[in-house]
Amino acid sequence: MRVVYYSVDQDEAGWIAGLQAALPQAQVTLWHSGCAPADYAVVWKPPQQLLDEQRGLRALFNTGAGVDALLKLHLPAGLPIIRLDDAGMSVQMAEYVCHAVIRHFREFAAYEADMHALKWSFRKPRSRLDFPVGVLGLGVLGQRVARALAQFDFPVHGWSRTAKVLPGITCHAGDAQLDAFLSASRVVVCLLPLTAQTENLLDAQRLARLRPGGYVINVARGAHVVDADLLAHLDSGHLAGATLDVFRVEPLPQSHPFWNHPKITLTPHTSARTLRSESIAQIVAKMAAIERGEAVAGRVDTDQGY
Ligand code: OXD
């Protein structure tokens, strides 16, 4: 069995060594133009050329959570695209989002500023009932985040394309319930896949529906949020702040106004990193299942876009 690996920004040597150790019978190599035909490809943001040349693949594994970059390519009809399901990402996402919500709710940034000013002063406790959190996207990551927030007794709303029932979460579904979901939320957390339907979803009109003093957390893709509309709502005071991990252009250009905005906290697309050994174990188990002719979880529906 032959496996090719390609990534724009992961540690190639570590991945190839890890895959080779987990697949001693296979030949694992870095993909390059003209390399021998492989049975499986393990990739992150591959070039079109890889797909054009590797016509005999039995499946292609995406080593990140989102498949939007992959689905922009011309994919051979019928090629199974398999994404990671969880592989240690959902707990990281839950940590990141709970940290951002709690940092805002408990005003920890202000307490840190007070500490630097040697100031001993209390802020009035706020009621978490006034901080309903809405999670946009209830896939593996969104469900874990929603459950984690509910553990802290925040009222949690969830929104997904198709209806879901999740204990302790008020679930909304479809376009018809999006406005009700946004109006019920003060904090909105974006965990949606990026598709033609979800691009620019958080625009001026939808952000206006959040409760006054709203807060935006984007850990999905930069293109879900209309940058200028977010800035306008932060500047008007309708929104109290935003924590952003993802951007339309990454790395975020130094001239972008998000960098210096007093109400924005940002991180460099790090909310849930691909964990190499967990991911390799999952990919290798799925390859073995495919070899046995079994169906595997995490197959991407290329028409839906996730
Ligand atoms: C992603 C990832 O899809 O980092 O954004 O896995």
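This is a predicted model: local features need pLDDT of at least 70, side-chain atom pairs count only at pLDDT 80 or more; totals for chains, interfaces and linings use all residues.
Contact here means heavy atoms within 4.5 Å.

Strands of a sheet pair through backbone hydrogen bonds, either parallel or antiparallel. In this model, five strands form an open sheet in the order E2-E1-E3-E4-E5, and their pairing is parallel. Strand E2 (27-30) and strand E5 (81-83) lie at the edges, each pairing on one side only. Direction ignored, neighbouring strands of this sheet are turned by 20° against each other on average. Within the sheet, strand E3 (residues 40-44) and strand E4 (residues 59-62) run parallel and are joined by four bridges. Here valine 43 stands opposite asparagine 62 in E4.

Helix H1 (residues 12-22) packs on this sheet, where it touches strand E1 (2-7), E2 and E3. The direction of H1 makes about 170° with that of E2.

From the sheet, the view moves on to helix pairs. Two packed helices are described by the angle between their axes and the distance between the axes. Helix H1 also has a helical partner, helix H10 (residues 276-291): their axes come within 10 Å and cross at roughly 45°. Angles under 35 degrees count as roughly parallel and 65 to 115 as roughly perpendicular, so H1 is oblique to H10. The crossing of these two helices, H1 and H10, is right-handed. On the H1 side, Gly14, Trp15, Gly18, Leu19 and Ala22 take part, and they meet Arg276, Ser279, Ile280, Ile283 and Val284 in H10. Sorted by class, the residues in the contact of H1 with H10 are six nonpolar, three polar and one charged.

H4 contributes Met89, Ser90, Val91, Met93, Ala94, Val97, Cys98 and Val101 to the contact, while H6 contributes Val140, Leu141, Arg144, Val145, Ala148 and Leu149. Of the residues in the contact of H4 with H6, twelve are nonpolar, one is polar and one is charged.

Key: Residues are numbered from 1 along each chain as its sequence is written. Side-chain values use heavy atoms; hydrogens and water are left out. Two strands pair if DSSP finds at least two bridges between them. Axes are lines fitted to C-alpha atoms, for helices over the stretch in contact, and angles run from 0 to 180 degrees between N-to-C directions. Angles under 35 degrees count as roughly parallel, over 145 as roughly antiparallel, 65 to 115 as roughly perpendicular and the rest as oblique. A crossing is left-handed if the near helix is turned anticlockwise from the far one by less than a right angle, and right-handed if clockwise. Ala, Val, Leu, Ile, Met, Phe, Trp, Tyr, Cys and Pro count as nonpolar, Asp, Glu, Lys and Arg as charged, and the others, Gly among them, as polar.
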